[in-house]
Amino acid sequence: MTPTDHRSSRLPSLTGMRFIAALMVFAFHVAWERFFRDPQVQGDYADVVNKAGWIGVSFFFVLSGFVLAWSRREGDSAPSFWRRRIAKVYPGHLVTALVAFWLISRTDGMLAAAGTVDTDEAITNLLLIHSWWPEYDIFLSGNAVSWSLACELFFYLAFPLLWRGIKRIPTAHLWTATAVVTAAIICVPLLAKLVTEDPVMMLPDGVASLKQYWFVYIFPPVRALEFVLGMLLARVVAEGKWFRLPLIVPIALFAVGYYLAAQEVPYLYSLVAATIIPIALLIPAAADADLRGGGSWFASKPMVWLGERSFAFYLVHLLVLLYGHDWLGRGKNWDTTQAVFVILGFLLVSLAISAVLYELVEKPGMRLLSGARPRQAAGGAARAADRGAGTATAGAGEAADDADGRHGEDGARAAKVPSKT
């Protein structure tokens, strides 16, 4: 049995989880804006969310591999696949990148990047190749969260070749392959220390060189290991080799991994390695719960609605935080209660803008660029229902594409300061 045999199965929990991961990234970037006036409250908040963005990225990369392998269309050509994936991610990226560069050019000097738009930075960003350079000004250019889209573009280009290899792995060896890839991810920080220069202080809570950080966290081929892990897990579930695991177990392990990443493990290991095993258990456990009809809170209609818009939310939230704070007064902070309301306000604004971006840019862009035909009444209604449930459906191209895991991920400050995300 292959993942394509299950491509019409509904996996709404994975869609709902996307928004939780995106919200983790939002919470992380809130810490860097320092909205809380009380230094103790600000410090405590930062301590709680200081790894949220990193973990959100890792979750989305694994989820992306899982969903694309799950919804793989038999006989699908590589150009057709690439066209659909570009149709999904590029329109929103183009709009938010242009907005970001415009905002940077009009900033009055309060941000480090104020008033400067470098041609090389703009070109590499718009082409989604900026994560290949170990330079802050390049991989954090424009709408800084887009560095992960450059990684995803590499994943998409490699997917047809990767899938050819993964589908040839004998069923009996799937778990072995999964363990090998997981071990490789855990060993990446060690490799980074061997092949890059001596560490220097980069962030307040971590010691690493720029190239070490870039190699472990930004470099597309390294991050592709998480994408491959997701693909392997999709085959494990589809082949019936997944072991029954109550969803509460990987959630608890995720919490333990988060604590270790935030408090205990060395900096480079905290970026991805500390939480990769809980993530690798959580995604297939949630998919298995949906397949067995058990579902979860993540599969509720509100969570699915939010999950569908999580990619747009990811693209806009950092711009809202950065330039919204500028509008209120860069450097201004508030008493704890007031700060909470300010943060909630930015969250609501981000959600509202993301809903507009989803409806007016993301969905039309998918229809236009992917070559999808307008939905007819009956068939379209059924496919729309699938989309609403976050399905990975090969028969309805847009629904399968929309089910893809987002880079809910993270991003760095457009002010071009060293970032955790």
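Q: When do two helices count as roughly parallel, and which helices in this model are roughly parallel to each other?

A: Angles under 35 degrees count as roughly parallel. In this predicted model, helix H1 (residues 12-33) and helix H15 (residues 310-329) pack at an angle of about 15 degrees. H1 and H15 are therefore roughly parallel to each other.

Q: What else describes the packing of H1 and H15?

A: In general, two packed helices are described by the angle between their axes and by the distance between those axes. For H1 and H15, the axes lie 10 Å apart. The crossing of H1 with H15 is right-handed.

Q: Which residues make the contact between H1 and H15?

A: H1 contributes Arg18, Phe19, Ala22, Leu23, Val25, Phe26, His29, Val30 and Glu33. From H15 come Ser310, Phe313, His317, Leu318, Leu321, Leu322 and His325.

Q: Is helix H10 largely enclosed or open, and why?

A: The cut-off for a buried residue is a relative accessible area under 20%. Of the 19 residues of H10, 17 are buried, so this helix is largely enclosed by the rest of the structure. H10 covers residues 220-238 and spans 27 Å from its first C-alpha to its last, close to the 27 Å expected at 1.5 Å a residue. Just after H10, Gly240 adopts a positive phi of about 75 degrees.

Q: Where does Ala69 lie, and how far is its C-alpha from that of Arg235?

A: Ala69 belongs to helix H3 (residues 52-70). With a relative accessibility of 0%, Ala69 counts as buried.

Q: Is Ser141 buried or exposed, and what does it contact?

A: Ser141 sits in the loop between helix H6 (136-139) and helix H7 (147-166). Its relative accessible area is 0%, so Ser141 is buried. Beyond its neighbours within four places in sequence, Ser141 is in contact with Glu121, Asn125, His130, Tyr136 and Ser146.

Q: What do the totals for the chain show?

A: The chain holds 18 helices and two strands, and 58% of its 421 residues count as buried. Among contacts between residues at least 6 apart in sequence, 82% join residues at least 24 apart.

Definitions and conventions. Residues are numbered from 1 along each chain as its sequence is written. This is a predicted model: local features need pLDDT of at least 70, side-chain atom pairs count only at pLDDT 80 or more; totals for chains, interfaces and linings use all residues. Side-chain values use heavy atoms; hydrogens and water are left out. Axes are lines fitted to C-alpha atoms, for helices over the stretch in contact, and angles run from 0 to 180 degrees between N-to-C directions. Helices (H or I, at least four residues) and strands (E, at least two) are DSSP runs, numbered from the N terminus. Angles under 35 degrees count as roughly parallel, over 145 as roughly antiparallel, 65 to 115 as roughly perpendicular and the rest as oblique. A crossing is left-handed if the near helix is turned anticlockwise from the far one by less than a right angle, and right-handed if clockwise. Contact means heavy atoms within 4.5 Å. The expected span of a helix is 1.5 Å times one less than its number of residues. Buried means under 20% relative accessible area, exposed over 50%, partly exposed in between (1.4 Å probe, protein chains only).
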